[in-house]
There are 2 protein chains.
Amino acid sequence: MSEVYAARRTRLKEYCNAGGSAAALVSRPANVRYLAGAAPPGAVLLLGRTEDLLVCGPSADRPPQERPDEALRVQTLPGAAGGDPAVAAAGLAQGQGADSLAIEEHHLTVARHRALGSVAPRLRLANLGGAVEQLRVVKDEEEISCMRIGAEITDQALGELLESILVGRTERHLALELERRLVDHGADGPAFPTSVATGPNAGRPGHRPTDRRVEEGDFLSVCLGATYRGYRCEIGRTFVIGTAPADWQIELYDLVFAAQRAGRESLVPGAACRDVDRAARQVLDSAGYTEGLTALTGHGVGLEIDEDPQLSPAAMGKLDACVPVTVEPGVHLPGRGGVRIDDTLVVRPEADGGPELLTITTKELLAL
Amino acid sequence: MSEVYAARRTRLKEYCNAGGSAAALVSRPANVRYLAGAAPPGAVLLLGRTEDLLVCGPSADRPPQERPDEALRVQTLPGAAGGDPAVAAAGLAQGQGADSLAIEEHHLTVARHRALGSVAPRLRLANLGGAVEQLRVVKDEEEISCMRIGAEITDQALGELLESILVGRTERHLALELERRLVDHGADGPAFPTSVATGPNAGRPGHRPTDRRVEEGDFLSVCLGATYRGYRCEIGRTFVIGTAPADWQIELYDLVFAAQRAGRESLVPGAACRDVDRAARQVLDSAGYTEGLTALTGHGVGLEIDEDPQLSPAAMGKLDACVPVTVEPGVHLPGRGGVRIDDTLVVRPEADGGPELLTITTKELLAL
């Protein structure tokens, strides 16, 4: 694995050097993880003029499954100092003779930025911007393999829940039960707070579970995902509770399903992100559900649950092969509930069979 | 409750005006929550020249138990814009005729700060610093009451776990079980990731649960806490698995217990924070455990798990009445395990009975 991290750091250094910076300070945790193999809490990565260093705060507890790249020197700040690894790294960069340092202005606070300037007054602080995030968009097969395992775990957890009795249980209990099952099946943990929404709450994006209990006739929508070796995925499904769904439920479900399928089918290398969004969105639009749609119909996913690219009407850029994204349109009718259907897929060329569906739980409308 | 929030905002405005700023922008979520009664994801609070506003991003899902202060106007950004509430608020501040705006430099990133400057070029951006954090240090009885309920929930969850069979279960399972019980008993959720550490892991501060199983003869240390109505608390206990603890386990336990008691007993209004730290630390020091002690022996707690004041050798300042703090010394012996004992207490004058212990689970060395 070490060569993978070294290659990623080399690409970033080339980018920095082209921009006129001899050194770079990476502080955003997912970016540190991507380039160093591990991101102990608070740790920063210095890509220095003469040496790369992972600078860690005192007594940072490392997740056991994450080990920093062995090719990287790890420097741990002394406990008593209580210092900021980013500030220490800036001092080290200056000590290595760098005259400029590219930092992540979208992650460092104004106060930390000022502290860097005081400790290393001879360094010109440049902006690294979202350079690491852009490197992260296209995944290698090792990364996709972690996401595939995470999706299998997620499908298992969801499948087991569907076999249990649901009526009478609260949204909060069901969410906790799902999270427990994710861990049981080997997840590092949930990829994001599990959402379980019943009755009038169903279909609300990002709904936080309440004490409402599942009732006969409800829509039940769930959204969950496992983190596996740092990589996240996401699945959303909507079910009906009881023997048979009502007509309005079937209609709404079929509509959202059609929108989600249109989005999935438009995932080809070279497709404009806004066109994927439009494919899903226009199905809902043309049925009159213009109001209250979410700003995105999907997004990239990987070390973070919400990464580039965004699938939205204003999104720029095109999809590449090996980019995992979610496709997750939904409709929520205030007071009645609604439907969301959400998959994680990897963009693949048609010659390779088209988009690879990672979350394979059925999208039939199940009555539970 | 509305008067409480209004009074907090008035105090902050007086502080800002004294510093020469007519308006303030609060962006750190716990600070927004403290002043506005709720903090939908991404929302910021503008204390303006003519009006206070809670500026929210599109489709922010609010926790059902949190409602913004009704005296406060809520402005929701349109969904399509996808804008930053902080940037929008700066524009509104300038529109209200403010010439300077105090912002939280320790929370706003460099990139957001720059965007504020572009949108409101006539505003001088000053630093609010940790002003809201300082207001938050001393709690009112309403806040303490939430913490007391949270601590009761935490004691219940821990008590139930102790009655179950532990040998053979993994750290990760026990941690999940504790978190489920917290929610069962009415917590909003865990106050921080629950730590369960067995055998050689026991006593490691902030240990992340692994798949190690509880064995006979292990030390078992747990650290958990409930969030109740936004307020957090924390308890840490160490147990022995089996019929009787070994001599070294009893000795180590008695030592950490003595250190923790010394810390607790020094919690009086007016005590220097560093003296509380020293009281606990010197018990461990004098027994030869100087190496590997954590930087803090305790810290403030409230809307966040880790607040001011810090109880550390370099801490400045004194304790006031009605300040909740943790006291949590510990010793970890690499390869063997260790002991941590952690309580949440409220500083109270001796006339009121001295420090109020919120987490009342026994600190006897139980053999489970």
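Predicted model: local features only at pLDDT ≥ 70, side-chain atom pairs only at ≥ 80, totals over all residues.
Me: How is the packing of two helices described?

Reply: In general, one states the angle between the two axes and the distance between them. In chain B, helix 1 (residues 2-18) and helix 2 (residues 29-36) have axes that come within 7 Å and cross at roughly 120°.

Me: Which residues make the contact between helix 1 and helix 2 of chain B?

Reply: Helix 1 of chain B contributes Tyr5(B), Arg8(B), Arg9(B) and Leu12(B). From helix 2 of chain B come Arg33(B), Tyr34(B), Leu35(B) and Ala36(B). Sorted by class, this contact has five nonpolar and three charged residues, and no polar ones.

Me: How is the size of an interface expressed?

Reply: It is often given as the accessible area that is lost when the parts come together. Here chain B and chain A bury about 2500 Å² between them, with 55% of it on carbon and sulfur atoms. In terms of residues, 31 of chain B are in contact with 31 of chain A.

Me: How many salt bridges and polar contacts are counted between chain B and chain A?

Reply: There are two salt bridges between the chains. One salt bridge joins the side chains of Glu105(A) and Arg114(B), at 2.4 Å from N to O.

Me: Which element gives the largest share of the side of chain B that touches chain A?

Reply: Helix 7 of chain B does, with six residues. The elements giving two or more residues to this side are helix 4 (110-119) and helix 7 (171-184) of chain B. By class, this side of chain B has eleven nonpolar, eleven polar and nine charged residues.

Technical notes:
Residues numbered from 1 in each chain as written. Chains lettered and ligands numbered in written order. Heavy atoms only, no water. Axes fitted to C-alpha atoms, helices over the stretch in contact; angles between N-to-C directions. Helix = DSSP H or I, 4+ residues; strand = E, 2+ residues; numbered from the N terminus. Contact = heavy atoms within 4.5 Å. Nonpolar A, V, L, I, M, F, W, Y, C, P; charged D, E, K, R; others polar. Buried area = accessible area lost by both parts, 1.4 Å probe. Salt bridge = Lys/Arg side-chain N within 4 Å of Asp/Glu carboxyl O.
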